[in-house]
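Please read them with the coordinates open.

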There are 2 protein chains.
Amino acid sequence: MEQNKRTPISTLGEFGLIRHLTEGFELQNASSKYGVGDDCAVLEYPEKQILVTTDLLMEGVHFDLTYVPLKHLGYKAVMVNLSDIYAMNGTPRQITVSLAISKRFGVEDMEQLYAGMRLACEAHHVDIVGGDTTSSLTGLAISITAIGDAPKDKVVYRNGAQETDLICVSGNLGAAYMGLQLLEREKSVFMGEGNAQPDFAGKEYLLERQLKPEARRDIIAALAEAGIQPTAMMDISDGLSSELMHICKQSGKGCRVYEEHIPLDYQTAVMAEEFNMNVITCALNGGEDYELLFTVPLTDHEKVSKLEGVRLIGHITKPELGCMLITRDGGEMELRAQGWEALKD
Amino acid sequence: MEQNKRTPISTLGEFGLIRHLTEGFELQNASSKYGVGDDCAVLEYPEKQILVTTDLLMEGVHFDLTYVPLKHLGYKAVMVNLSDIYAMNGTPRQITVSLAISKRFGVEDMEQLYAGMRLACEAHHVDIVGGDTTSSLTGLAISITAIGDAPKDKVVYRNGAQETDLICVSGNLGAAYMGLQLLEREKSVFMGEGNAQPDFAGKEYLLERQLKPEARRDIIAALAEAGIQPTAMMDISDGLSSELMHICKQSGKGCRVYEEHIPLDYQTAVMAEEFNMNVITCALNGGEDYELLFTVPLTDHEKVSKLEGVRLIGHITKPELGCMLITRDGGEMELRAQGWEALKD
């Protein structure tokens, strides 16, 4: 937010700002026929199914600009939408971006936000094809809609998990949540004493997981290359427990997942100990990991075991058995969705 | 906003609220393959081009809940997006709805908002296929993305106007702006004296134009039936002047429009006089009419003259001649976009 130069947005106006932010951004996808500049964007998807997802981020609820740089915010805002497209086994192609901006932001701030968005789009070959820019009385609101495609027989829903299917997770869990705790702690220290400097040494990975998550395009590519078609899939935005329960509920099944197999990073474990938190609770209920949770038929066991960065954490059961966590000592605990349900206090 | 019963949204949570608001809403369009309930909606458009538009509405900037009922707000929020699809000569098929809701709203408030949205969707055979519901620190934010289709050779852009083309407008202009002035006046009266009752007698049409605009599906249908393919088209959301200048700029042309041909409703004229405003200025610069502005080849003169509710207001010229308004007394004035540019003060 600190800028040497701060040009009021009113000097450009709505249309001027959109033009300024989107100029020089060439359309890359064959399906993008017309981008910014008319009443609608025009797309063409003659052969595939189209995936659409949307997300609204509000300042003070989803992000805190006292510790999130605008460029990171733009990057993450795009990434979380792309993650939803990958979670259907699709390829993201376009996004639209709507912003509501209060007077405390200048043109340079929006350039920073867009720089992050462009970076995310470029990394995933996605076109910005439209949007809306308007004013807000308080704070910043960001609404992104992402559009992608997939061959009809490749789309993966949440409701296809079958009994005995293996439950898999990419990457590791809980780090983004630990990163958030760390940022919140340093913020309160900073608020208390003007001269305190944040102490993030050795915890960079946790910060990166919170501030710059990566949608798992690589996992989708690896699954396709290995010839694995998941039976159900979601991205983990609200915590593993919550997402597992969605898959089980929508598939009409139960599950057993094993505490010892839940993937954790070393820094997550160290940080949890420092905060006196149970690291497994963080992995189960901390949100924003944007890893992929998916189920595959038992017959794919060998194939999936060979995939780098994918961990088998359990299996799907009859619905009567419920959704259970098997603890290290062999105990059983029912999973509960304590995740980030945005509207519960 | 007055409700006898007010159930806190936290009793349902995010997923519960979405389920509650979208249940019983059957998908109507063949292109809607899967709606609310997964990471993405799934659509299929094998033969047509796809149109996408998006809009973000903020409380206090775009709407004032002291005089806009939530049901009307929902209706209008959908309608303004459908209007953008029609403005490309397309047919709207799906919308996604994202809401950010502060604690002063209850479940019943959101039911009202959705009731208006459903009404708009039903009138235009549109499916609600997805969305996001989250909390807001202050006020209500509504982000809608609309998706529609059109045969490839029927899509109408802003940049196709040709010299000698006729400029046409549907309905009449300035009424929505007058409706807003009226609501603002009654609000200030109401704020001043607790017992004052709003006086809207004889002005119902203006209120309806402001509170319940109708996207011009009928005009698109009439154009198709008459075999007229517009060369350029926009919907009038920011005022006639501003939109005419967009078409001229993007087409690389100029225009001449005639004051005496600009369509006005009687109530708009009466109200402008009461407010001591120039009614033509209101028609040129007042926003939110959501009428269609389009150009047709001169050879379609006879066909377009026969269309009910469409008025010829001028013609396209060489760019050197600029964008001119010809006044009743034969004078020439350059058009200026003083419209509703949302980010200018």
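1. Strand β4 (residues 91–101) of chain B pairs with β5(B) in the parallel sense, over eight bridges. Strands are DSSP runs of E with at least two residues, helices are runs of H or I with at least four, and both are numbered from the N terminus; two strands pair if DSSP finds at least two bridges between them. Opposite Ile101(B) stands Ser135(B) in β5(B).

2. A word on provenance and numbering. This is a predicted model, in which local features need pLDDT of at least 70 and side-chain atom pairs count only at pLDDT 80 or more, while totals for chains, interfaces and linings use all residues. Residues are numbered from 1 along each chain as its sequence is written, and chains are lettered from A and ligands numbered from 1 in the order in which they are written.

3. The β4(B)–β5(B) pair belongs to an open sheet of six strands drawn from both chains, with mixed pairing and the order β1(A)-β2(A)-β3(B)-β6(B)-β4(B)-β5(B). At the edges are β1 (32–34) of chain A and β5 (127–135) of chain B; each has a single partner strand, so one side of each is left without a neighbour in the sheet. From one strand to the next the twist averages 25 degrees; axes are lines fitted to C-alpha atoms, for helices over the stretch in contact, and angles run from 0 to 180 degrees between N-to-C directions.

4. Where do the two chains join within this sheet? β2(A) pairs with strand β3 (residues 49–58) of chain B in the antiparallel sense over four bridges. Val42(A) stands opposite Leu51(B) in β3(B).

5. The interface as a whole involves 58 residues of chain A in contact with 58 residues of chain B, contact being C-beta atoms, placed from the backbone, within 7 Å. On the side of chain A that touches chain B, β3(A) gives the most, with nine residues. That side divides into 28 nonpolar, 17 polar and 13 charged residues. Here Ala, Val, Leu, Ile, Met, Phe, Trp, Tyr, Cys and Pro count as nonpolar, Asp, Glu, Lys and Arg as charged, and the others, Gly among them, as polar.

6. Strands β7 (residues 166–170) and β11 (residues 310–317) of chain A pair in the antiparallel sense over five bridges, and Leu166(A) has His315(A) as its bridge partner in β11(A).

7. The axes of helices α4 (residues 175–192) and α5 (residues 204–211) of chain A come within 7 Å and cross at roughly 100 degrees. α4(A) and α5(A) are therefore roughly perpendicular to each other, a term for angles of 65 to 115 degrees, with under 35 roughly parallel, over 145 roughly antiparallel and the rest oblique. The residues of this contact divide into 10 nonpolar, two polar and one charged.

Technical notes
Two residues are in contact if their C-beta atoms, placed from the backbone, lie within 7 Å.
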